[in-house]
Amino acid sequence: MSATAPDAPSAKPQRGFLDHALYVLSENPITAIAFALFAVIVLVALLGPVLAPYDPLESNAARALQPPSVDHWFGTDNLGRDVFSRVLIATRLDLLISVTAVALSFMVGATIGSAAGYWGGWIDAVTGRFVDTIMAFPLFVLAMGIVAAMGNTVENIIYATAIINLPFYARVARAEVRIRRNAGFAQAARLSGNTDVQVLAFHIFPNALPPMMVQISLNMGWAILNAAGLSFIGLGVRPPTAEWGIMVAEGANFVVSGEWWLAVFPGLALMTAVFAFNLLGDGLRDIFDPRQRT
Amino acid sequence: MRRRDFLKGATVLGAGALPFIRSLPASAATDGVVVVAMGQTINSLDIHRSGTNRPSYQVAVNVYDRLVSFGTKTMPDGSLSYDYSVIEPEVAESWEFAADGSAITFKLRPEGKFQDGSPITAEDVKWSFDRAVSVGGFPTVQMKAGSLEKPEQFEVVDEFTFKINLLRPSKLTLPDLAVPVPMIINAKVAKEHITSDDPWATEYLHKTPAGSGAFKVVRWDPGQQLVYERNDGWTSGPVPAVKRVIVREVPSQATRRALFERGDIQVSFDIPNKDAKELSGTDGLTIASTPVENAIYCLNPNLSFEPFKDKKVRQAIAWSVPYEDIFQTAAYGRGVPMWGGPSATPSDIAWPQPFPYSTDLDKAKALLEEAGYKDGFEVPLSIALDQSDWMEPTALLVQENLAKIGIKATIEKIPGANWRTASLVEKRLPLHLETFGGWLNYPCYYFFWAYLEGHLFNSSNYRNEEIETLTGETLYLPVDHPDYAPKIKRMIEIAWDEVPRIALFQPALNVGTRDMSGYEYWFHRQLDARGFKT
Amino acid sequence: MGPRTKLVLYRTLQALPALVGVVIVSFILTRMLPGDPAAYFAGPAATETSIAEIRAAMGLDHPLPVQFLHYVQDLVGGDLGNSLSTGQPVVEELTRRLPASLELTLTALLLSCAIALPMGVAAAVHQGSWIDHVCRGLVTAGVSLPTFFTGIVLVYVFYYLLGWAPSPLGRLDFIYLSPPEVTGFYIIDALLIGDVETAMGAVRQLILPASTLALFTLAPLARMARAAMLQALSSDYIRTARAAGLGEGQVVFGYAFQNAMLPVITTLGMVFSFMLGANVLVEKVFSWPGIGSYAVEALVVSDYAAVQGFVLAMAILFVLLNLVIDILYTLVDPRTREG
């Protein structure tokens with residue numbers, strides 16, 4: 001890591017930021033697409049129940065496993081439920097799982113990491129071992145273990161996902177804060193009478209955000225994939241709840257027999273969402289990166 | 001070293017042609033090799049060991065012999081099935097009951113040989129039976145079902161004569177000698193590996209079979225494959241037609257289907273109902289779907305859950321189940337419907353036979369109202385994670401119809417490890433799905449396990465004085481006894497009226513074969529390769 | 001003792017608390033698993049007494065602290081216990097299965113690096129150009145697919161429809177025989193005895209699962225490579241180097257790339273640990289006899305010994321990996337380079 005102290009002012013003029021955001025968007029069409037996709041996903045999550053043409057839970061054995069048609073855009077599943085409606089409805093739950101999990105691990109991880117990076121000493125040693133312990137587990141297996149032990153509810157899936165993401169934030173935050181704790185602007189802030197907590201929270205931490213943004217974007221998508229993986233093992237959310245991961249996992253068994261639509265459409269939805277989150281993170285990085293702004 | 005030996009064996013097969021097996025899918029079959037794929041894993045070669053799982057029972061069948069075996073019959077669809085009504089000689093060439101019914105005496109084949117060439121003697125039989133009744137766990141319980149309970153019952157009369165002293169006359173004793181458990185182990189070999197901690201050589205036999213059966217195990221890679229090779233000196237039956245049977249463990253059912261359709265395997269064991277339905281009629285593929293004897297897939301309301309104490313509530317549930325939808329969606333029409341019986345009193349003692357319920361939501365609502373649950377109640381509906389292929393669609397359909405009569409069910413998936421404990425041992429699941437099937441094909445045997453209080457498969461905590469008495473009276477009674485049929489009919493009538501178990505359908509075991517023949521259905525639902533032909 | 005040896009020793013010592021943590025956490029986690037393994041293993045028709053017998057045999061009738069003590073005692077003696085679901089000693093099972101997982105993971109990692117690093121560097125050097133966008137699109141698409149789904153689709157297309165790939169039956173098609181074990185890596189073992197055909201068979205089996213895994217791990221590597229490269233390129237010393245008139249090639253590959261490798265190597269470690277976890281799903285799809293699929297089976301049946309053994313093996317592996325990374329880090333980082 002280069003130890004260049006970013007000379008970013010901590011108070012950000014709003015206008016400059018907006019202009020810059022617009023500039024980045026116009027320069028980078030993919031980021032613009034990502035923002036648009038993200039907006040669509042959020043809209044679908046909010047309006048899903050209104051948009052869905054059928055009841056996502058209502059089964060009908062007579063129309064089971066029908067291929068995509070005008071009536072059922074994405075076909076029907078083995079219980080005769082409308083796949084399109086289920087894909088729409090699932091958006092909210094998937095978004096909820098990933099946003100909550102990532103928010104949780106970001107908050108806890110960033111706090112632990114910043115404290116460790118700023119004060120060092122025994123705080124660093126204790127949190128460091130704690131994070132090492134989590135990291136010493138194969139992450140997905142740890143998530144499986146937690147969900148298996150605590151029961152497969154949405155909350156537990158969120159906790160498990162949050163726990164396995166925690167080390168990433170803690171480590172990044174620690175490293176970024178550590179670099180900056182003796183930087184010129186931090187010392188200046190301290191000299192002007194700020195307490196340690198203030199210096200950390202308002203001066204150093206905002207500058208450590210950009211690298212964490214990349215992490216957040218990756219983790220948002222990963223959180224959904226993690227839930228999907230748990231479903232594949234059989235530890236996902238409970239049926240009949242519509243959730244992309246479960247739908248792909250269950251549909252996967254139907255691919256060989258030719259009923260591809262069961263897995264492919266929720267798979268595409270999943271992929272689109274993860275795709276959007278990932279590109280978004282990159283875009284956010286470009287917007288927030290102080291070096292690009294000067 | 002084992003690998004090298006195996007290598008030599010493979011050269012005999014014609015190693016030169018092997019790499020091109022993909023373009024010649026039948027070549028493996030013509031070489032007398034059958035490749036079988038199954039989803040589960042074999043965890044021991046010794047059925048008596050505690051922790052041995054069901055798929056491992058096939059080793060007891062293929063590698064060991066028993067005193068007697070069942071016959072073979074052809075089913076209406078042309079597939080083969082074991083025949084419960086015929087008991088045939090295996091290691092024993094003949095047997096007779098003592099005049100007073102207090103003992104059975106078996107004459108062993110004098111030419112009988114173990115796979116190492118040593119003779120099969122009455123000593124070996126006694127040691128094996130002593131072991132089965134002493135090691136505890138499943139083998140001991142299964143032996144007990146045939147009134148085979150303690151070593152003192154087993155007597156060596158001379159080298160080739162073996163006698164079982166009976167605790168009581170029971171129609172279950174002889175059939176229980178033909179199930180996989182009372183297999184005959186080469187005691188001379190096993191005794192060499194006895195230690196003070198391990199008086200029954202379980203550690204040795206766990207990995208190294210010592211039997212007299214039709215196949216030898218030449219290779220076992222746990223979690224991957226088991227390779228059987230024909231025992232050319234088999235003395236208990238005609239030497240198998242195939243030289244080698246390779247059992248591969250392929251957990252993904254989609255992969256198994258692809259392998260089977262592409263012809264890379266000759267047998268796909270226990271295929272899902274959906275695949276069985278779709279692959280039936282495909283050229284070159286044979287799908288045998290055999291209804292599993294004495295087995296019913298049930299929906300069980302637990303009497304320890306307050307509302308289900310009332311018979312009317314249980315009946316209401318039975319009237320609310322969408323039977324036809326479940327049969328089509330969860331079983332894909334494979335198996336036998338167990339609903340819509342014509343009368344509330346059974347006309348014969350066939351078991352299982354359709355229960356006198358069908359889908360009638362109005363009747364269900366009326367019954368609920370009579371019972372004082374007009375506004376319904378909430379109840380968790382539990383299913384096992386490892387059986388979710390049929391349990392999940394079934395539970396969803398049941399849940400949907402229960403909602404229509406005001407009962408709010410939430411589906412709970414319980415991991416495999418917890419399922420047995422929760423459903424069968426602690427019997428604490430208020431409403432759940434259950435799959436018991438009895439190996440010994442008698443209605444009284446089913447009732448013994450599934451309707452008597454405290455018995456393992458009575459996961460509904462049901463108790464009925466009359467059934468308790470009648471089951472006790474019929475369990476050992478011969479089927480042709482004049483009292484048998486009336487008593488059984490009465491038991492079925494009560495079970496129908498009180499419905500602690502709501503029958504959904506009788507499941508089927510689906511096995512796909514191609515480029516070979518000779519697959520035979522057995523009550524133990526495991527692979528029996530002895531009759532395979534290519 | 002040189003400073004590097006000291007550093008290595010220090011890091012090893014530092015890893016010990018994490019190992020202790022893993023032993024404790026895995027013990028607690030496994031005991032929290034639902035279900036009564038004794039009842040499960042007692043079989044389909046067990047009675048109360050037979051369950052109690054098995055519970056005693058498994059040592060589960062003791063209070064938890066005593067169980068933990070027994071566990072640690074056995075552990076010190078190198079005994080991880082017997083797995084009840086496969087019936088084999090856990091140590092034996094792990095040593096047999098670990099090479100399978102490692103062979104798959106390392107192949108995937110190599111594949112992933114070979115594609116991701118050049119992509120990341122190219123994207124950074126041509127930041128904002130179409131190369132950047134295409135790279136971004138590709139790696140992001142890769143990481144956006146659930147591995148088990150990719151695996152099944154690949155099997156469907158390349159095995160079922162096209163017939164190009166061999167049957168997804170683990171490490172070797174049953175027409176081949178596993179080579180005599182030296183390293184446990186089939187490709188290497190087969191080549192050691194000069195059996196090119198078997199080695200090729202092993203390679204063919206590896207292609208699909210390794211691609212599945214690699215596709216999924218392109219993103220973190222390519223991203224980190226790009227981000228680190230960008231940071232390096234915009235740093236003062238590069239500006240200085242450029243101002244000093246050094247050639248662009250030398251600036252990019254000589255200075256920027258070397259500095260950018262530091263975070264990439266750290267990421268590599270995370271990706272590896274992450275891959276071993278993701279293996280679980282891929283191994284299941286491809287019937288791969290690795291430790292990942294072993295752990296899933298064990299977890300589902302509450303097979304304590306197997307789960308603990310697996311976690312411990314993983315932890316040790318991870319500690320070793322971290323050591324290797326630290327050493328690499330020391331070698332690459334110009335600041336720790338001593339004259």
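Read along the sequence, chain A of this predicted model follows the pattern α-α-α-α-α-α-α-α-α-α-α. Its secondary structure comes to 11 helices and 0 strands. Of the 294 residues in chain A, 55% are buried.

Chain A is in contact with chain C. On the side of chain C, 46 residues take part, and they meet 41 residues of chain A. Several helices of chain C give two or more residues to this side. They are helix 1 (3–32), helix 6 (130–143), helix 7 (147–161), helix 9 (196–233), helix 11 (248–285), helix 12 (291–300) and helix 13 (304–332). By class, the side of chain C that touches chain A holds 32 nonpolar, 11 polar and 3 charged residues.

Chain B contains both kinds of element, with 18 helices and 20 strands. Its C-alpha trace spans about 75 × 65 × 45 Å along the principal axes. A compact globule of 534 residues would have a radius of gyration near 24 Å, and chain B agrees, because its own value is 24 Å. Buried residues make up 55% of the 534 residues in chain B. Of the contacts in chain B with a separation of 6 or more, 70% come from residues 24 or more positions apart.

Chain B is divided into three parts.

Strands of a sheet pair through backbone hydrogen bonds, and the pairing is either parallel or antiparallel. One open sheet of chain B is formed by 3 strands in the order 2-3-20, with mixed pairing. Strand 2 (68–74) and strand 20 (520–521) of chain B stand at the edges. Each has a single partner strand, so one side of each is left without a neighbour in the sheet. Strand 2 of chain B pairs with strand 3 (residues 80–89) of chain B in the antiparallel sense, over 7 bridges. Within this pair, Lys73(B) has Ser81(B) of strand 3 as its bridge partner.

Strand 15 and strand 16 (residues 408–414) of chain B pair in the parallel sense over 7 bridges. Here Leu381(B) stands opposite Ile411(B) in strand 16. Between these strands, the chain passes through helix 14 (residues 388–404) of chain B. This β-α-β crossover is right-handed. Strand 15 of chain B is also joined to strand 17 (residues 431–434) of chain B by 2 bridges, and these strands run parallel. In strand 17, His432(B) is the bridge partner of Ser382(B).

Definitions and conventions. Residues are numbered from 1 along each chain as its sequence is written. Chains are lettered from A and ligands numbered from 1 in the order in which they are written. This is a predicted model: local features need pLDDT of at least 70, side-chain atom pairs count only at pLDDT 80 or more; totals for chains, interfaces and linings use all residues. Two strands pair if DSSP finds at least two bridges between them. Helices (H or I, at least four residues) and strands (E, at least two) are DSSP runs, numbered from the N terminus. Two residues are in contact if their C-beta atoms, placed from the backbone, lie within 7 Å. Ala, Val, Leu, Ile, Met, Phe, Trp, Tyr, Cys and Pro count as nonpolar, Asp, Glu, Lys and Arg as charged, and the others, Gly among them, as polar. A crossover is right-handed if, with the strands pointing away from the viewer, the path from the first strand over the helix to the second runs clockwise. The radius of gyration is taken over C-alpha atoms; the globule rule is 2.2 Å times the number of residues to the power 0.38. A residue is buried if 20 or more other C-beta atoms lie within 10 Å of its own, exposed if 12 or fewer, and partly exposed in between; C-beta atoms are placed from the backbone.
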